[in-house]
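Me: Hi! Could you walk me through this one? I'm new to it.

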Amino acid sequence: MTLIRINKYLSDCGVSSRRKAEEYILQGRVSINNNIILELSSKVDPLNDVVLLDGEKIFQKRLVYFLLNKPKGVVTTTDDEKGRMTVVDLIKSKDKIFPVGRLDYNTTGVLILTNDGEFSNFLTHPGNRIPREYEAKLDRPLTEEDKEKLCKGIYIEGIKGKFIKVVFPDKKSKKIINVTAVEGRNHFVKNMFGALGYTVQGLNRKSFAGITADMPVGAYRVLSQDEISGVIKTYGK
Ligand code: URA
């Protein structure tokens with residue numbers, strides 16, 4: 001029997017954030033097996049206990065996780081005001097999934113979609129330094145001097161950003177570069193190269209949190225429980 005703290009349980013069920021759930025508890029609005037609980041440390045057995053909020057039964061949300069190899073020409077949102085195709089449209093799921101972080105319209109590659117807000121927060125929290133590996137195609141060869149600058153750090157909108165790894169996968173072309181970032185600011189890769197006067201002509205995310213797109217562009221698959229717990233074990237504190 002696995003017991004879960006009541007605030008985590010309420011947040012896992014999609015009721016609210018953990019903090020908001022604590023407020024509900026202190027307000028005497030939550031009961032376990034018909035006993036109002038006021039202790040924030042109370043635990044619940046998800047399989048056997050009946051939890052009510054304001055007298056309404058709370059049902060466990062089924063958590064789902066997908067890995068999409070995002071194609072070009074698709075927006076990374078749940079719905080688009082211009083009616084363009086979204087990454088969610090590409091996945092057949094009855095659950096209300098959303099993308100973890102974002103890839104630009106014309107960026108391809110690894111994108112996780114889930115309905116697990118906590119897992120998404122874990123992956124996008126800057127403090128967790130989750131690695132994202134990209135292959136960028138530039139308009140001109142990258143100089144050694146600029147390669148060093150990318151590793152040392154460059155200010156983007158007043159905040160220093162850097163790549164923890166920069167390698168040329170092809171000895172002959174210095175226009176193709178593999179870079180690894182541990183942050184997910186919007187347009188981060190394009191802005192890093194843009195700050196040095198390069199234009200990124202093509203961008204593919206090869207891996208995210210060590211998970212690679214092991215399938216054709218546009219395809220998706222379910223992430224296994226082992227992959228999910230592996231990510232938490234590897235990058236959790
Ligand atoms: N950095 C970018 O510039 N674009 C992306 O899509 C992802 C990272």
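Predicted model: local features only at pLDDT ≥ 70, side-chain atom pairs only at ≥ 80, totals over all residues.

Me: How much of the chain is buried?
Reply: Buried residues account for 43% of the 237 residues in the chain. Here buried means under 20% relative accessible area, exposed means over 50%, and partly exposed is in between, using a 1.4 Å probe and protein chains only.

Me: Thanks. How many helices and strands are there?
Reply: The chain has six helices and 17 strands. These are DSSP runs numbered from the N terminus, with helices being H or I of at least four residues and strands being E of at least two.

Me: And what does the chain span?
Reply: About 70 × 35 × 35 Å along the principal axes of the C-alpha trace.

Me: Which domains is the chain divided into?
Reply: Domain 1 covers 4–57, domain 2 covers 65–126 + 214–235, and domain 3 covers 131–208. The bounds come from an automatic or database domain assignment. Between the C-alpha centres of domain 1 and domain 3 there are 45 Å.

Me: Let's look at the strands. What is the order in the open sheet of four?
Reply: The order is β3-β2-β5-β6, with antiparallel pairing. At the edges are β3 (35–36) and β6 (56–57), each of which pairs on one side only. Two strands count as paired if DSSP finds at least two bridges between them.

Me: How many bridges link β5 and β6?
Reply: Two bridges, in the antiparallel sense, with β5 being residues 51–53. Leu-52 sits opposite Lys-57 in β6.

Me: Where is Ser-42?
Reply: Ser-42 is in the loop between β3 and β4 (43–44).

Me: Why does Ser-42 count as buried?
Reply: Because its relative accessible area is 15%, and the cut-off for buried is under 20%. Leaving out residues up to four places away in sequence, Ser-42 touches Ile-4, Arg-5, Ile-6, Ile-32 and Ile-37. A contact here means heavy atoms within 4.5 Å.

Me: Changing topic: how enclosed is β9?
Reply: Seven of the seven residues of β9 are buried, so β9 is largely enclosed by the rest of the structure.

Me: Which strands does β9 pair with?
Reply: Among them is β7 (residues 65–70), which runs antiparallel to β9 and is joined to it by six bridges. In that pair, Lys-70 faces Gly-109. Strand β8 (residues 98–99) is also antiparallel to β9, with two bridges, and Phe-98 has Thr-114 as its bridge partner. With β15 (residues 200–208), β9 (residues 108–114) pairs in the parallel sense over two bridges. There Thr-108 partners Asn-204, and Gly-109 stands opposite Arg-205.

Me: What else pairs with β15?
Reply: Strand β10 (residues 132–138) runs antiparallel to β15, and seven bridges join them; Ala-136 is opposite Leu-203. Strand β16 (residues 211–212) is antiparallel to β15 as well, over two bridges. Those two form a hairpin with two residues between them, and Ala-209 in the turn has a positive phi of about 55°.

Me: Which backbone atoms lie by ligand oxygen atoms?
Reply: A backbone N or O atom of Asp-104 is 2.7 Å from a ligand oxygen atom, and a backbone N or O atom of His-187 is 3.3 Å from a ligand oxygen atom. For a ligand nitrogen atom, a backbone N or O atom of Val-189 lies at 3.1 Å.

Me: How much of the ligand does the protein cover?
Reply: The protein covers 97% of the 230 Å² of accessible area that the ligand has on its own. Accessible areas come from the Shrake-Rupley method with a 1.4 Å probe, and for residues only the protein chains shown count as cover.

Definitions and conventions
Residues numbered from 1 in each chain as written. Heavy atoms only, no water. Polar contact = N/O pair within 3.5 Å; in protein donor to acceptor, adjacent residues only side chain to side chain.
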